[in-house]
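Please look through the sequence and the model together, and keep both at hand while the following paragraphs lead you from one part to the next.

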Amino acid sequence: MPELLHTLKTTFGYDAFRPLQREIIETSLAGRDVFALLPTGGGKSLCFQIPALHRTGLTVVVSPLIALMKDQVDQLQEVGIAATYLNSTLGAKEARSRLAGLHRGEWRLLYAAPERLMLDNWQENLKAWNVQAIAIDEAHCISEWGHDFRPEYRQLAKLRILLPDIPVMALTATATERVRSDIVQHLRLRDPATFVASFNRPNLTYRVAPKDEPLKQILEFVKKREDESGIVYCATRATAERVAEALADRGLTARPYHAGLSNQERAENQELFLRDEVKIVCATIAFGMGINKPNVRWVIHYDLPKNIEGYYQETGRAGRDGLPGDCLLLYSGGDIAKQTHFIDEITDEQERQIARAQLQRMTRYAESAGCRRSELLAYFGETFPLDNCGACDNCLEPRETYDGTVLAQKFLSCVYRIRQASRFGTGMNHIVEVLTGADTDKIRRWGHDRLTTYGIGGELSRPQWLAVGRELQRLGYVGQSEGEFPVLELTEPGMEVLRTRQPITLTKPMELPKARRVVKRVGSVECDEILYARLRDLRKRLADERKVPAYVIFGDATLRQMAREYPTDLAAMAGVFGMGEKKREAFGELFAGTIREFLQGNSRQQFQ
C-alpha cells in the first residue's frame with residue numbers, strides 16, 4: 001500500500017485513490033483476473049497503469065480507438081513512463097523501431113487494437129515479450145447487447161489460450177447486468193474479482209428542453225460558454241455537418257466528426273479539438289469519439305439518443321476532470337417517430353424488439369418529471385439515496401402538475417372500448433386518432449368511428465394526447481406488449497382507475513427554459529479567473545511547442561488550484577493536484593514565475 005500511494009503521488013501527482021482504484025490495483029498485482037466497471041472520469045486507466053509500474057515485464061492494453069492510444073501514451077511519456085503504441089497510423093520504419101524496443105524489453109506498456117493482436121505473427125511476439133498482464137479497455141465492445149459492439153473483440157478470447165497464466169483485467173464505463181455477464185463469458189475470465197463503482201457523476205447537471213429552433217437554442221447555450229469545449233451529438237452525418245457549418249458561420253470554432261469523413265480530416269478535426277484550437281465538435285451518435293479530453297465542459301444532444309447506455313456514455317464525456325459539466329438534451333416527439341422509422345427497417349426481429357424497448361426507456365427518461373439522476377442510475381440497477389439531486393432540471397425547477405383525471409378517463413376508456421369492440425388492441429397512434437376523431441382508413445375499416453370514445457378528445461392536439469398516453473404508460477396504467485406490432489393494454493391499476501374514477505395527477509409538459517437561478521455546483525473550484533486565463537495561455541504555449549494537447553501538460557483542475565492558492569515557488573507547488581515530480585521539475589518554475597509576475601500588479605483574492 002505505501003508503495004502504491006508513493007507511485008500515485010510522485011508519478012501522477014494525486015494524494016489519494018478514487019473509489020475502488022486501490023482494491024482493483026492490489027487484486028491485479030496479486031495475479032487474479034479482474035472485471036472493473038468504473039464510470040467515465042472514474043480513473044480506469046490508473047487501474048492498469050500503476051500495476052504496470054510495479055511489474056517487471058510488459059502490460060498489453062487493448063484499446064479500440066487509435067486516437068485514444070496516442071493520447072494516453074503522450075500523457076504517460078510526459079510523466080516519465082515507458083509506454084508505446086502500435087497501430088495503422090505508424091510508418092513501417094517507426095513500427096519496426098517500436099517492435100525492436102519491445103523485443104529488447106524497453107517498454108512497460110503497449111497499447112494495441114484488438115485486430116492487430118490477433119495477427120498470426122503476433123502470437124510469437126506476445127510469447128517473446130515477457131507479457132505480465134493484459135488490460136482490455138472498453139470491454140463492453142465484446143457484447144452484442146452493449147451500445148458499441150465490435151466483432152473483432154470476440155477474437156480476444158484467444159489470448160487466454162495463448163497466455164494462459166497471465167492475469168486479465170476487463171474495464172468498462174457502462175454495462176448492464178447482461179453485458180457484464182457477456183464480458184466475463186466471452187473473455188474467459190477465471191473467477192474474476194468484480195468491482196462495480198457508483199454510476200453517479202455528481203459534477204454533471206442534466207437538463208432536457210423541448211426542441212424549438214434547435215440551432216438558435218444551441219447558439220444561446222454556447223454564447224454563455226465561448227471559452228469552453230463542448231460536443232454536439234447528432235443522429236445523422238448530414239445534421240452533424242449542417243450544425244458545424246452553421247456554428248462556424250456565426251464565428252464559433254466548430255468542426256464535424258463522423259465516419260463519413262476521410263481518416264485524415266477526422267484526425268485533423270480531432271487534433272484541433274484536443275489542442276483547444278477548435279472549441280466545438282459536432283459528432284454522430286453512431287460514431288464513438290475516442291477522446292480522452294478531460295476539460296469538455298458541456299454536451300448537447302441535438303437528437304434523441306437510441307438508448308440510455310449510449311446517452312450515459314456520451315454525456316460522460318463532460319467533466320472528466322471532476323469540474324462541473326452541463327448536459328442538455330433537446331427533445332421532441334418527432335424524434336421518437338424518426339427513431340421508430342429506423343427501428344422498423346431492422347430486419348432481425350429480436351434486434352428490433354431490443355431497439356424498441358431501449359427507445360421506450362430513453363423516451364421515458366426524456367419525458368420524466370422525476371429526478372434525471374435517479375432515472376439514469378436506476379437503469380444500471382443503482383438507487384440514488386436522495387429525493388432531490390440538486391443538479392437536474394426537474395429537481396432545480398420542478399414542473400407543475402394538474403388534475404388529469406378527465407383526460408386519463410378518456411384515454412383509458414378508449415383503450416378499453418377498442419379492445420372490447422374489436423377483440424384486439426392497437427398502438428398508441430391509433431388510440432390518439434380515435435380520441436381526436438381522425439378520418440382514417442383503419443378507423444373506418446374497423447368501425448372505430450362508431451365507438452363512444454370517437455372524437456371525445458378534441459380539447460388536445462395529437463402531440464398532447466401522445467404525451468398524456470406516454471405518461472399514463474410511465475405511471476403503470478397502460479402497458480405495451482412486445483413483438484412486431486406492439487399494442488397498448490390496460491393494466492390492473494388502469495382497470496381500477498376506470499372502475500373507481502380515482503383522481504389522477506399528471507405533469508405539465510416541459511416548457512422552454514426560463515432564466516435560471518445560479519446554483520453552486522459539485523466540483524466547481526472558485527479561483528482568480530484573470531490569473532487562471534494567464535496560466536491557461538502559458539499551458540497552451542507549452543503544449544503547442546511539444547505538439548500535444550494542453551491537458552497533457554496540466555488539467556484544468558490543476559490550473560484552477562494554482563489560481564486559487566498562488567504557489568510562487570517549487571516547494572509550494574508540491575501540494576497541487578496533478579503535479580507529479582517530473583511535471584514539477586519540468587514546468588513548476590515556469591508557472592510559479594508567471595504567478596509571481598501576476599502578483600506584482602494584482603492582489604491576492606480570498607476564497608471561502
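This is a predicted model: local features need pLDDT of at least 70, side-chain atom pairs count only at pLDDT 80 or more; totals for chains, interfaces and linings use all residues.

Four bridges join β1 (residues 34-37) to β6 (residues 168-172), and the two strands run parallel. On β7 (residues 193-196), β1 has another parallel partner, again joined to it by four bridges, and here leucine 37 has valine 196 as its bridge partner. Strands of a sheet pair through backbone hydrogen bonds, and they may do so in a parallel or an antiparallel manner.

Where do the side chains of β1 point? Val34 and Ala36 point one way from the strand, whereas Phe35 and Leu37 point the other way, and all of these residues are buried.

If we now step back to the whole sheet, we find seven strands that form an open arrangement in the order β3-β4-β2-β5-β6-β1-β7, with parallel pairing. Because β3 (83-86) and β7 stand at the edges and each has a single partner strand, one side of each is left without a neighbour in the sheet. Neighbouring strands of this sheet are turned against each other by 15° on average, if direction is ignored. Helices also lie across these strands: helix α9 (residues 177-186) lies across β1, β6 and β7 and runs at about 150° to β1, while helix α5 (residues 92-103) lies across β2 (58-62), β3 and β4 (109-112) and runs at about 130° to β3.

A pair of helices comes next. Two packed helices are described by the angle between their axes and the distance between the axes. For α23 and α25 (residues 556-565), the axes come within 9 Å and cross at roughly 135°; the two helices are therefore oblique to each other, and α23 passes α25 in a right-handed crossing. On the side of α23 the contact is made by Glu529, Leu531, Tyr532, Leu535, Arg536 and Arg539, and on the side of α25 by Asp556, Leu559, Arg560, Met562 and Ala563. Of the residues in this contact, six are nonpolar and five are charged, while no polar ones take part.

We turn next to the backbone. Most residues other than glycine have a negative phi. Which phi does lysine 547 have, although it is not a glycine? Its phi is positive, at about 60°, and the residue is placed in the loop between α23 (529-546) and α24 (550-553). Glutamate 138, which is not a glycine either, has a positive phi of about 55° and is found in the loop between β5 (131-136) and α8 (157-162). Are these two residues buried or exposed? Lysine 547 is exposed because its relative accessible area is 57%, above the cut-off of 50%, whereas glutamate 138 is buried because its relative accessible area is 13%, under the cut-off of 20%.

One further residue deserves a careful look. Isoleucine 280 lies in strand β11 (residues 280-284) and is buried, with a relative accessible area of 2%. When residues up to four places away in sequence are not counted, isoleucine 280 touches several residues, among them Val222, Val232, Leu247, Leu252, Phe273 and Trp298. The C-alpha atoms of isoleucine 280 and alanine 592, which are 312 residues apart along the chain, are separated by 31 Å.

Notes. Residues are numbered from 1 along each chain as its sequence is written. Side-chain values use heavy atoms; hydrogens and water are left out. Buried means under 20% relative accessible area, exposed over 50%, partly exposed in between (1.4 Å probe, protein chains only). Two strands pair if DSSP finds at least two bridges between them. Axes are lines fitted to C-alpha atoms, for helices over the stretch in contact, and angles run from 0 to 180 degrees between N-to-C directions. Angles under 35 degrees count as roughly parallel, over 145 as roughly antiparallel, 65 to 115 as roughly perpendicular and the rest as oblique. A crossing is left-handed if the near helix is turned anticlockwise from the far one by less than a right angle, and right-handed if clockwise. Contact means heavy atoms within 4.5 Å. Ala, Val, Leu, Ile, Met, Phe, Trp, Tyr, Cys and Pro count as nonpolar, Asp, Glu, Lys and Arg as charged, and the others, Gly among them, as polar.
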